[in-house]
Amino acid sequence: MGNPTQLDRYKSLLDFLDQKFKEDVSIKDIEEVSYYSYRNINRIFLALHHETIGKYIKRIKLEKAAQYLKYSDNTISDIAFEIGYSDIAAFSKAFKNQFNCSPSQFRETEEAKLQLLKKAIATDPIDKKPTLTFEIEELPSLEILYITYQGSFEDINAIKQVWNQLMKYAFKHKLIDSDSIFLAEILDDNEITDSLNCRYNAGIVIETPLKFEVGGLFRTKTISPQKYVKFLHKGSHEDSLITYDYIYSHWMSDVKQELADKPTLEFFLNDEENTPPNELLTEIYIPVI
């Protein structure tokens with residue numbers, strides 16, 4: 001899509017849907033945000049997302065419900081209401097169509113998987129980890145310039161290509177210096193969302209207002225002030241998945257914080273080009289209430 005107007009309208013619609021997907025989004029809402037007829041913006045959306053607007057909204061609603069089932073003690077009826085279903089039967093049917101099991105079966109399976117993971121980590125003689133250490137930290141508001149990667153979190157090469165796009169764009173506009181802060185927003189749970197649809201924002205913190213208009217698929221946003229539990233991962237980005245497994249398997253017993261409905265952040269503390277993989281440091285910020 002080379003038309004800047006189309007891109008801007010598409011980005012505005014994405015921002016709107018990401019904020020309002022739990023609500024009853026109407027065709028009129030979509031047309032007012034995008035300044036297109038629903039038919040035309042749906043064609044643009046389908047070309048870029050490989051799914052219609054309606055299917056996108058339904059999918060992210062149900063994936064959010066799955067996250068609540070996995071990480072909270074909320075009742076199934078409360079979760080259904082939270083994501084916009086007033087009819088529990090309709091929610092259960094939609095959930096089963098998406099995940100091939102009922103909400104209660106999904107929760108039971110996730111609880112069983114968590115216990116098995118925790119037991120495997122505790123009895124693994126090769127990869128014993130020390131006691132889980134963390135800090136509670138509140139981050140201030142952050143303005144970021146970013147571009148979204150969509151695909152498998154295990155496809156490190158594809159993620160690196162997105163980072164290269166961001167770096168070239170930031171260098172072009174003279175946004176990078178020795179104090180630049182790079183971070184990633186992890187928007188989806190790869191065990192819930194299909195790998196083709198997992199989203200990851202590669203971003204750079206903006207210290208001063210931009211003096212140019214952001215173009216292409218680059219976007220800006222404000223990350224609101226938030227309380228986090230901060231962990232430190234040492235090692236390659238590929239190995240961070242092991243660290244996440246360890247964190248979540250010990251969450252209930254060691255961390256004992258209620259997860260917030262916000263993206264996880266990763267801050268990269270050293271330069272991958274000049275640092276051996278086993279010496280890379282990544283701060284993982286998991287949002288809590």
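How many of the 19 residues of helix 4 are buried? The count is 14 of the 19, so helix 4 is largely enclosed by the rest of the structure. Buried here means under 20% relative accessible area, exposed means over 50%, and partly exposed falls in between (1.4 Å probe, protein chains only). The model is a predicted one, where local features need pLDDT of at least 70 and side-chain atom pairs count only at pLDDT 80 or more, while totals for chains, interfaces and linings use all residues. Residues are numbered from 1 along each chain as its sequence is written, and side-chain values use heavy atoms, with hydrogens and water left out.

Helices and strands are DSSP runs numbered from the N terminus (H or I with at least four residues for helices, E with at least two for strands). The end C-alpha atoms of helix 4 sit 27 Å apart, which agrees with the 27 Å that its 19 residues should span at 1.5 Å a residue. The expected span is taken as 1.5 Å times one less than the number of residues. Helix 4 (residues 53-71) packs with helix 3 (residues 38-49) at an angle of about 60°, and their axes are 9 Å apart. Axes are lines fitted to C-alpha atoms, for helices over the stretch in contact, and angles run from 0 to 180 degrees between N-to-C directions. The two helices are therefore oblique to each other; angles under 35 degrees would count as roughly parallel, over 145 as roughly antiparallel and 65 to 115 as roughly perpendicular, with the rest oblique. On the helix 3 side, Y38, I41, N42, F45 and H49 meet I53, G54 and Y56 of helix 4, contact being heavy atoms within 4.5 Å. By class, this contact has 5 nonpolar, 3 polar and no charged residues. Ala, Val, Leu, Ile, Met, Phe, Trp, Tyr, Cys and Pro count as nonpolar, Asp, Glu, Lys and Arg as charged, and the others, Gly among them, as polar.

After helix 8 comes K174, whose phi is positive, near 55°.

E110, found in helix 7 (residues 103-123), is buried, with a relative accessible area of 9%. Apart from neighbours within four places in sequence, E110 is in contact with K70 and E191. F81 lies in helix 5 (residues 76-82) and is exposed, at a relative accessible area of 63%.
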